[in-house]
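I opened the notebook to go through one chain, and I wanted to know where its coordinates can be read closely before looking at anything else.

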Amino acid sequence: MNRRAYSRLRRLAGMLLPALALVTAFVSTFLGNCSAAAQSQDTENEIVANLAGGRVIVHVTKDNVIVFGAIDNPVEAGSVPPRVADLDSTHVGVLLGASEWRLPADPKPIRLDRDFQRIGRRDPRNAPDPNGAEPDLETLGVGFLETLRPLTAQLHHKIDIGSDEPLFEIVIIGFAPNHYGPEVWTVEYRIQQEQVGVRAEYWQTRILRPRFTQLYPPEKHAPRTIVEARYPSNAKAPTVMEMIQGNDPRVAQLRNGEARFGKVLEVVDRGQAQKAVSIDAQDFMRALLPLIAGKANFMLGKMDEERGLDWIVPPEEPVDKTKKDDKDRPPDAPSLRKKPQR
């Protein structure tokens, strides 16, 4: 190649390189915008979880009658109330947190009190659950877990929730098999999120295995009191036990109003709540809940091992019944439950 041709080629390359850089930048920006638009569209069409906030109060009384109430305490505008799911023949669950899910394209919500997945009972001969849950409760917990997996997987924005705060929680109330008596558990479902993609707004969400905590019965020789669970857990109002022990004016009003309420409060304050006469404890709770709730909605029920659930103040929505029972649980199946000390 002669010198003249070489010089001409260099001039041509100098003209083309800026144009090529401009095209490369355009293509890169275009692809980035397409990716961002796709992720933005995914976020706009993302599933939405409606949170149920409130408190659940449980008093196990004489003759193993369980009196329980739930008070609605909305977390945000449009929140759903705490709902009760009929879990099996001897347990109900009060659902808190992300108990209802909505897709923009589907007007019918997914309600976990009605749509949770029921799965077969775990073989008790297999290894126990590492969380220390009973086989029947573990089965219930995994059923909700499998329902939550595909729902939480569709959450792609950052969830403003503490690492130890549950997204969803169930307060299980009922009777353990083999005559172990009344029991109350909380089952908490937490999430983990990881940032993925080219934009900071896109996250991958994974639901973790549930954490089981037994609220009742307590450890041996521990006082037996009225137990309570809340969502979110940082609610500032005093618990019922704090109200009783602090002689809250609302409690004092009831104590002074009826002698039988004074007897209920006396045994509860002594750490012998299980000795309270059930009808008196029931009436006391019926009188106390409106004073706590104010204008908020509340429900009140009682459970008997033989007769099951009976509503005193029913929820606004009916509770779907199930016919599950524990007949297939072997009588010699091991139990981790704390046996009641009488």
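The entries below follow the order in which I looked things up.

**Ground rules.** I noted that this is a predicted model, in which local features need pLDDT of at least 70 and side-chain atom pairs count only at pLDDT 80 or more, while totals for chains, interfaces and linings use all residues. Residues are numbered from 1 along each chain as its sequence is written, and side-chain values use heavy atoms, with hydrogens and water left out.

**Confidence.** I looked up pLDDT, the predictor's confidence in each residue, from 0 to 100, and found a chain average of 83, with 74% of the residues scoring at least 70. Over residues 22-43 the pLDDT is below 50, and beyond near neighbours in sequence this stretch has seven contacts in the model (contact means heavy atoms within 4.5 Å). Residues 323-342 also have pLDDT below 50, but there I found 51 contacts beyond near neighbours in sequence. I kept in mind that where pLDDT is low, the predicted coordinates should not be read in detail.

**Overall make-up.** I listed seven helices and 14 strands, which are DSSP runs numbered from the N terminus (helices H or I, at least four residues; strands E, at least two). Of the 342 residues in the chain, 46% are buried, where buried means under 20% relative accessible area, exposed over 50%, and partly exposed in between (1.4 Å probe, protein chains only).

I traced five strands in the order 12-2-3-13-14, with antiparallel pairing; two strands pair if DSSP finds at least two bridges between them. Strand 12 (227-231) and strand 14 (308-313) stand at the edges with a single partner strand each, so one side of each has no neighbour in the sheet. Strand 13 (residues 298-304) is joined to strand 14 by five bridges, and I noted that K302 has D310 as its bridge partner in strand 14.

**Helix 7.** I then asked what packs on this sheet, and found helix 7 touching strand 2 (54-60), strand 3 (66-72), strand 13 and strand 14. Helix 7 covers residues 278-293, and its buried residues include F284, M285, L288 and L289. Just after helix 7, G294 takes a positive phi of about 65 degrees.

**Helix 6.** In helix 6 (residues 259-269) I found F261, G262, V264, L265, V267 and V268 buried, and the buried residues of this helix pack against strand 2, helix 4 (240-245), helix 5 (249-257) and helix 7. G271 follows helix 6 with a positive phi near 80 degrees.

The bond joining Y216 and P217 is cis, with omega about 0 degrees, and P217 lies in the loop between strand 11 (211-216) and strand 12. A cis bond also runs from Y231 to P232, with omega near -5 degrees, and P232 sits in the loop between strand 12 and helix 4. Phi of H179 is positive, near 60 degrees; H179 lies in the loop between strand 7 (168-176) and strand 8 (181-189) and is exposed, with a relative accessible area of 70%. N247, in the loop between helix 4 and helix 5, has a positive phi near 50 degrees and is partly exposed at 44%.

Conventions
The expected span of a helix is 1.5 Å times one less than its number of residues. Axes are lines fitted to C-alpha atoms, for helices over the stretch in contact, and angles run from 0 to 180 degrees between N-to-C directions.
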